[in-house]
Structure formats: structure tokens, C-alpha cells
Amino acid sequence: MGLSSTHSFQKFAGDVTLENLGIRDPELTRKLWSEVDFVANFAATTNLIERYDVAFDTNTVGAKNVLEFSMKCVNLKLLLYVSTAYVWGEKSGFLFENPLRKGETLNGTTSPKLDSQIEMKLISQKLQELKNEQISYKEETTAMKEFGLQRARLFGWPNTYVFTKAMGEMEIGELIESRNDLPVVIFRPTMITSTFKEPFPGWIEGVRTIDSVILAGGKGKIKFFLGRAGLIMDLIPGDMVVNASIVAMVGHANQPSDDRQPFIYQVGSSARAPFESIKLRDYLYNYFSKNPLISSPTSKHNGKPIQVSYPFVFPTTASFFAFLYITHMLPLKGLRLVNALLCDCFHDKCNDAERKITFIMKLVKLYEPYILFEGIFDDFNTERLRTAVRGNGAEADTFYFDPKCIN
């Protein structure tokens, strides 16, 4: 978090899960309210299966807290809230840059009602129940992750991350309805990948989103691939997302939200430069066949180039699970029978195999909504931003975010 002026740039710590961002210094608070004119809320937990209490506090309550703090800034020109295009869950077809209304669900569920206040109470009740059971922190974390998935799927969202982000958008929309003079922009990027150009091509902090699949492919760990011809994977480089957000902030400064709703931008590639997801398999194989990674000297490959195989593609989750059953589950049943006959000699081996199978099944179910996604994200508003930038050659080169230039 930072505060800028013509003379200095001041950094300080804050916490979006707390009222007034957890700032306890009254003088600093007054300074912020009098001098801050732009607020960009990028704070989030992006773990798809985060603990429900952690995800809710950061992605839902945090969105509300930042907006309420921004409303006290007397010179506020704009609040930018970064959400995700996948607040649309697993919907198919053309997905428009429309707001999510308070209480709106993706599956049409009206009973029980979706209400963030109710969700907050349910989280508190669940935490108290788990505390009364005197379980370990690890067991509590597992239970809260499962609880988040349960609540998300009840209303039509595939995971806790997109569910809590959707509720964050709803909180913002509700506050704007009570004050239509607030200049607010909601930004919905798709799957953010490594950079296109800045600070250099391919840069990313850590291994994230699709990059984990690419790395696993280079290490020869991907033998099978879930995908189907014709399905589009929406990827957008991180520097393009940043550039688009800067342009949107400049373009909307001091502009109140239209019709008491935030202005929404979906920033992705599926509408302008669609990438067929099944091609990722070909790119992985072709690249790493010609440019193999070198294994660690201490690994079983002993510092040699890692050979990659051409992955087999399963078009549906059901076909993959059928394969998993034949190749892994049936042998495990046989091993358990042998284990029972030989006085539990293979107990650990059986448990390890079962854990691996369970992990693979959970992983596939978790990423299935993105791998087999059938939606295309409308970016009409974002294209208008690009058109405005194209009018100035220097700015277009500096603030590039047109996915058509991606090879």
C-alpha cells in the first residue's frame, strides 16, 4: 500500500480484512483520506480451495472494506477492483461484461438465499463447531476448505475462490447503489500467465496457473492430457492486464458509475485471439523435444536431458476416470487383497497408492471447469479502451494490451 505526492512516496502496511484497513494511526488515516485520489485493489487469495474463512475475509469482506475506506477519500477519482472473469463459473456461450446482482446465483437457487451476512454467520458457526471438537489445525483447515467448496457448489460456483470473488463484486454493487457518484471500475482478467514483454518475455513470479502444467510437461510428468478439440483456453499475459488497468483508471477518473453500477472490463483473449486448448499438448511436446530441460545431477536421470512423451488426450473427465480405474484402482484392489493375505505387509504401499489416486481425482475435478470451459468472454468495453489507445502511437506502444499480437 502506498501514498504518493509531488514530493515523496510513502509505503505502509495495511490489512483489507479489517475496518479502515487496520490502520490505527489517526494522523495517517486523516492524511490518506485527504490525499489519496486513486485506489487499486489487487488484494486477494487466489487459491481455488482456500479455507472458506480466509477466502471470505480477503475476497469478500476485503472488497467491501477497501470500498468503504475509499468512500472517505475526499479527492477520490477512481477505485479499481480486480476480480476474475471466472465469476461466471462454468457458464457456456458468450459471457458479457455485466454486473453480478446482490444475491444472484449461477444455478438459479433461491432457497437457501445467497447473502454474505448469512455466509459470515455460517463461517463463525462452523469454526465454533470445529473448535468444540478439539481437532488439530490441519484437520480444521481441511474441514474449512471442504466447507467452502460445499457452499460454492450449492449456488453454482465451482470453487471457493471464484465464489468469494463474486460475492466481493456483489458487495461493491450494493454500496454503489446507495451512492451513485462513486467512480468504480471492476476488472475481470481471465487466466493470467507469464508476461508478453515486460520486464522481459516469459517472466512470472513463481509457478502459477498454466505455467505449472508447462513445467510439469518439460519434466516429463505429463503422460495424459484432458482436453477436447474446439474448446478455447483464455490466457492473458500479466503485463497486458497491468497496462489495461492503467488505461482504464485514466479513462474513468472522475466518472461516476453508470446507472448506479460499476463499469466492467473483461480482459482476456478468447474473443479476439482464441487459443484452442488442445494445442497446448502439441506446443509442449514440440518445444521440449527440441529444447529439453536438464535433470538434476542428484535425480534418477543423473543430469541428462529429460525425454518427453506425446501425451494421450482424454476428451472428458469420465473417460479419464475410467482409465484411472483400470490402470490404478483395480491394481490397488489386488494389492489390498494380497496385503490382507500377507498380514498387512503392504499397508504403507496401499495407503500411498490410495492417496495418490485421491489427489489426482481431486486435482482433475478442481481444474475441470477451466480445462473444459465452454465460454467466450465478451470484451466489448475492453476493445473500446484499445481503440482509444490506438489513436496515440506512443501510448499504444507503451500501454499495449491487444491479445491479437500474441503468437
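Buried here means under 20% relative accessible area, exposed over 50%, and partly exposed in between (1.4 Å probe, protein chains only). Helices (H or I, at least four residues) and strands (E, at least two) are DSSP runs, numbered from the N terminus.

This is a predicted model, in which local features need pLDDT of at least 70, side-chain atom pairs count only at pLDDT 80 or more, and totals for chains, interfaces and linings use all residues. Residues are numbered from 1 along each chain as its sequence is written, and side-chain values use heavy atoms, with hydrogens and water left out.

**Whole chain**

The protein chain holds twelve helices and twelve strands. Its C-alpha trace spans about 75 × 60 × 45 Å along the principal axes. The radius of gyration, taken over C-alpha atoms, is compared with a globule rule of 2.2 Å times the number of residues to the power 0.38. For 407 residues a compact globule would come out near 22 Å, and the chain has 24 Å, which agrees. Colour by burial: 43% of the 407 residues count as buried.

Contact means heavy atoms within 4.5 Å. Take the contacts between residues at least 6 apart in sequence: 77% of them join residues at least 24 apart.

**Leu78**

Select Leu78, in strand E4 (residues 78-82). At 0% relative accessibility, Leu78 counts as buried. Now show its contacts, leaving aside neighbours within four places in sequence. They are Asp37, Phe38, Val39, Pro183, Val184, Val185, Met249, His252 and Ala253.

**Residues 113-140**

Next, select 113-140. UniProt lists this span as "coiled-coil region" in an unreviewed entry. UniProt positions are given in the numbering used here, feature names are shortened, and annotations may be inferred rather than shown by experiment. In the model the span is 75% helix and 0% strand, and its end C-alpha atoms lie 26 Å apart.

**Helix H9**

Move to 317-341. The expected span of a helix is 1.5 Å times one less than its number of residues. The 25 residues of H9 should therefore span 36 Å, and the end C-alpha atoms are 34 Å apart, which agrees.

Centre on Tyr325. H9 bends there by about 40 degrees. The bend at a residue is the angle between axes fitted to the seven residues ending there and the seven starting there.

Show side chains for Thr317, Phe320, Phe321, Leu324, Met329, Leu332 and Asn339, which are buried. Their cover includes strand E8 (224-226), strand E11 (312-314) and helix H10 (347-371). After H9 comes Cys343, with a positive phi near 55 degrees.

**From H9 to H10**

Select Arg336 and Glu354. Their side chains meet in a salt bridge at 2.3 Å, N to O. Arg336 lies in H9 and Glu354 in H10, so the pair ties together parts that are 18 residues apart in sequence. Arg336 is partly exposed at 33% relative accessibility. Glu354 is partly exposed at 37%.

A salt bridge is a side-chain nitrogen of Lys or Arg within 4 Å of a carboxyl oxygen of Asp or Glu. A search of the whole structure finds 20 of them.

**Helix H10**

Stay on H10. Its 25 residues should span 36 Å, and the end C-alpha atoms are 35 Å apart, which agrees.

Pick Arg355 and Asp352. They form a salt bridge at 2.2 Å, N to O. Both lie in H10, three residues apart, about one turn of the helix. Arg355 counts as exposed at 52%, whereas Asp352 is partly exposed at 36%.

Then go to Lys365. H10 bends here by about 30 degrees, and a proline, Pro369, follows within four residues. Lys365 is partly exposed, with a relative accessible area of 42%. Its side chain meets that of Glu368 in a salt bridge at 3.5 Å, N to O. Elsewhere, salt bridges that share partners join Arg272, Asp379, Glu383, Arg386, Arg390 and Asp402 into one network.

Which residues of H10 are buried? Select Cys350, Ile357, Val364, Leu366, Glu368, Pro369 and Tyr370. What covers them includes helix H5 (160-178), strand E7 (191-193), E8 and H9.
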